[in-house]
Amino acid sequence: MGELTNFYNPTAVAIVGASKKPGKVGNSIVKNMIESGYPGKIYPVNPKDSEIEGLKAYPSVTAIPGPVELAVLSVPAAKVVEAARECGEKGIPYLVVITAGFKEIGKEGLDLEKELVATCRRYGMRMLGPNCVGMADTHTPINASFTRNSPLKGDIAFLSQSGATLIAILDWSRSVGLGFSKMVSLGNKGDLSEIEFIAEAAADPYTRVIACYLEDVADGARFLDVVREATRKKPVIILKSGTSQAGAQAASSHTGALAGSDLAYDTAFRQCGVIRARSLTELFELAIAFSRCPVPAGKRVAIVTNSGGPGIVATDNVEARGLTMARFTRETIDELRAGLPAEAALYNPVDVLGDGKADRYRFAMEKVLADPNVDSMVVLMCPTAVAQPVETTRAVVELQKQYPGKPILGGYLGGESMAEAVQLMAEAGIPCFTFPEPAIAAISGLVNYGQFREMPGDGNELSYPDVDKRAVKAIFYDVIRDNRLVLLGSEAAAVARAYGISAAPVSLATTPDEAVEEAQKMGYPVVLKVASPKILHKTDVGGVKVGLDSPEAVRRAFVEIMENVNLLLPEAVVYGIEVQKMMPKGTELIIGMTRDVQFGPMIACGLGGIYVNLLKDVSFRLARGLTRREIENMLAETKAYTLLRGYRGEKPADLPALVDAIGRTARLVLDFPEINEIDINPVFAYNQGLSALDIKITIS
Ligand code: COA
């Protein structure tokens, strides 16, 4: 558990700002600590009172006689730094700072928060907060927070960047009997952030699933490294808010969070195995499913229902979620036929009909669960006058015990008539929802996680020992000395070549004779392109001539391009004309890179050419930690993949060469943080090898 050993299980806790007065934050923290059944020592600290809630109070932490392992600070913002300093002097290793009025209020608060963090660092203290509700651990037990009540005991660790959300969830969870191993209000994440708490929860024997509400990720690189490890051990489900433009602004004014681009979050979460919830409802539906269900062996779902409509809705959802409807064996079908009424639907979904009672449900469910082609089962039930929800649920509970490896989830439609049955399901630890969709969504989450965990942890970052860093450095040096940030095509091609990316031969000529000389060297036909960092759309200004197959043609094209550019863009600085070997046509792709504030470089690949922006057939991955398998998956996600595999009799493209080129591009941008953007469009993919034709590199 590393950095947080004893944070949740301290031997003694000081509450600085403890108060006698009911209704004050400092009073509710003391009460919560007492009521939680915390087994260690509680020391209220208050300069005026000597006794609070029946406990001896101390005028300062330094006056406390014994050692203290955790201090909860609930004094006004102006007094927090001094209080933290005293805790440091006392040798207290952990702080929970409840107080608001730090970075979330602007510059002044930010400065105060920096001072607080610096104080913690000076004394080697780790701090939760500031601006948080506190934390609770039901297994210690401890409740060092000002929540209205304590969480029930359970195995979900819930980390929330919003204190209000945590409080609301806690209140709701008690009403539905949902328990937590720990609850942490992350606050401003001045020191400790989701990263440390996820790592700790992944190692915690009492936690089975980690659920988070986040508004941002403080350190993208560390998040990727740590969470990638954690998800191998336990499911991590995250609701990341602030995805919309308006939402992102709300997030930044809320806790001063700097929301990154949503695409980067999506990519990062997928790459490190995080299950992304899209709403608070989904966050907890998934958390409940993960806390109660086994991960199924596969994605084949069976549905048993007493009504057609919900069965169809569930079936649609199974397909929409990428799951499959289980195909029963011949034996199962025969047995179902023999035991169910003639009107019953035998194929998945199995419809036991509106007059189906508990015995008919039990029979159908037994047969379905015994089928080797079934990985999970959803029981749907409508409260018809003759349905027996409670008796049917008893059968569900028994069957779950017989088939512990196959998740069973309920979709009990209705309300009043189903309440007792729903309660029974909850008591038996079987997730039960009011409608079919969440049950299917939960199975989809379980299946995806199972697939992720089965993927071998191919953690080898791509390494290319043959790359020539020095050559790239030298090119960048020259570009910067030339007061430019955009590389010429010939320079970009040289950078690509230094990293083993096969770029079409290209060189810069300043006179028609030089152009001819270069063309002779590389062989005809060639293409001529104007070389000017200011001209982005060369074709539009008549700056490109293709298919030049003789010295005369090259000479003529050189002069024409110069004339065109002089006429249309007389102010543009022209470095000369690039002569490029005309390459045979291949499948046109794009390989690119853009940087995200939080997660660093993101690599894109997909269908290239002039319709890139129109077709948007591009898939993304973060360069950090990118593996060969990820690149293969990335390619497979694009429509271009169908072309690459050989569409309509075409020869397939050289996929290993493509994977290599993408991997090398990732290596390049990781090695050179000064590269702002890369666009290689088009890349011609051939049956053997590839060729990068137009490479744009911008540095900062
Ligand atoms: N050491 C110990 N106790 C001290 C102290 C010190 N250095 N300085 C003051 N105190 C005592 C006060 O005397 C007072 O005790 P009393 O009730 O017996 O008078 C107590 O600490 C609290 O100080 P007070 O000035 O009354 O502050 P408060 O209780 O009104 O507010 C906070 C303190 C922390 C609750 C408030 O500043 C705050 O931040 N509120 C928002 C909390 C929040 O929303 N957090 C984020 C949730 S998402």
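What follows is a set of questions and answers on this predicted model.

Biologist: To set the scale, what percentage of the 700 residues in the chain is buried?

Modeller: The chain holds 23 helices and 30 strands, and its C-alpha trace spans about 95 × 80 × 40 Å along the principal axes. Among contacts between residues at least 6 apart in sequence, 71% join residues at least 24 apart. As for burial, the buried share of the 700 residues is 55%.

Biologist: How many nonpolar residues does the contact of H5 with H6 have?

Modeller: H5 passes H6 in a left-handed crossing, and the contact is made by residues that include Ile195, Ile198, Ala199 and Ala202 on H5, together with Phe223, Val226, Val227 and Ala230 on H6. By class, the contact of H5 with H6 has four charged residues, no polar ones, and a nonpolar count of eight.

Biologist: Is H6 roughly parallel or roughly perpendicular to helix H15?

Modeller: H6 (residues 220–233) and H15 (residues 436–454) pack with their axes 9 Å apart, at an angle of about 110°. Since angles of 65 to 115 degrees count as roughly perpendicular, the placement of H6 against H15 is roughly perpendicular.

Biologist: How many charged residues are there in the contact of H6 with H15?

Modeller: On the H6 side the contact involves Thr231, Arg232 and Lys233, which meet Tyr449, Phe452 and Arg453 of H15. Sorted by class, these residues comprise two nonpolar and one polar, and the charged ones number three.

Biologist: Which residue with a positive phi follows helix H1?

Modeller: H1 (residues 25–35) has Gly26, Asn27, Ile29, Val30, Asn32 and Met33 as its buried residues. Those buried residues pack against several strands, including E1 (12–16), E2 (41–45) and E9 (142–145). After H1 comes a residue whose phi is near 85°, and that residue is Gly37.

Biologist: Is Pro431 buried or exposed?

Modeller: Pro431 sits in the loop between helix H14 (419–427) and strand E20 (432–433), and, leaving aside residues up to four places away in sequence, Pro431 touches Ile288, Ala289, Arg292, Cys293, Ile408, Leu409, Gly410 and Met425. Its relative accessible area is 1%, and because buried means under 20%, Pro431 is classed as buried.

Biologist: Is Asn483 buried or exposed?

Modeller: Asn483 lies in the loop between helix H16 (469–481) and helix H17 (489–498), and its phi is positive, near 65°, in a residue other than glycine. The relative accessible area of Asn483 is 74%, and because the cut-off for exposed is over 50%, Asn483 counts as exposed.

Biologist: Which residue is joined to Pro525 by a cis peptide bond?

Modeller: Pro525 is found in the loop between helix H18 (512–522) and strand E22 (526–531). The peptide bond has an omega of about -5° and is cis, and the residue it joins to Pro525 is Tyr524.

Definitions and conventions. Residues numbered from 1 in each chain as written. Predicted model: local features only at pLDDT ≥ 70, side-chain atom pairs only at ≥ 80, totals over all residues. Heavy atoms only, no water. Axes fitted to C-alpha atoms, helices over the stretch in contact; angles between N-to-C directions. Helix = DSSP H or I, 4+ residues; strand = E, 2+ residues; numbered from the N terminus. Parallel < 35°, antiparallel > 145°, perpendicular 65-115°, else oblique. Contact = heavy atoms within 4.5 Å. Nonpolar A, V, L, I, M, F, W, Y, C, P; charged D, E, K, R; others polar. Buried < 20%, exposed > 50% of the residue type's maximum accessible area, 1.4 Å probe, protein only. Left-handed = near helix turned anticlockwise from the far one by under 90°.
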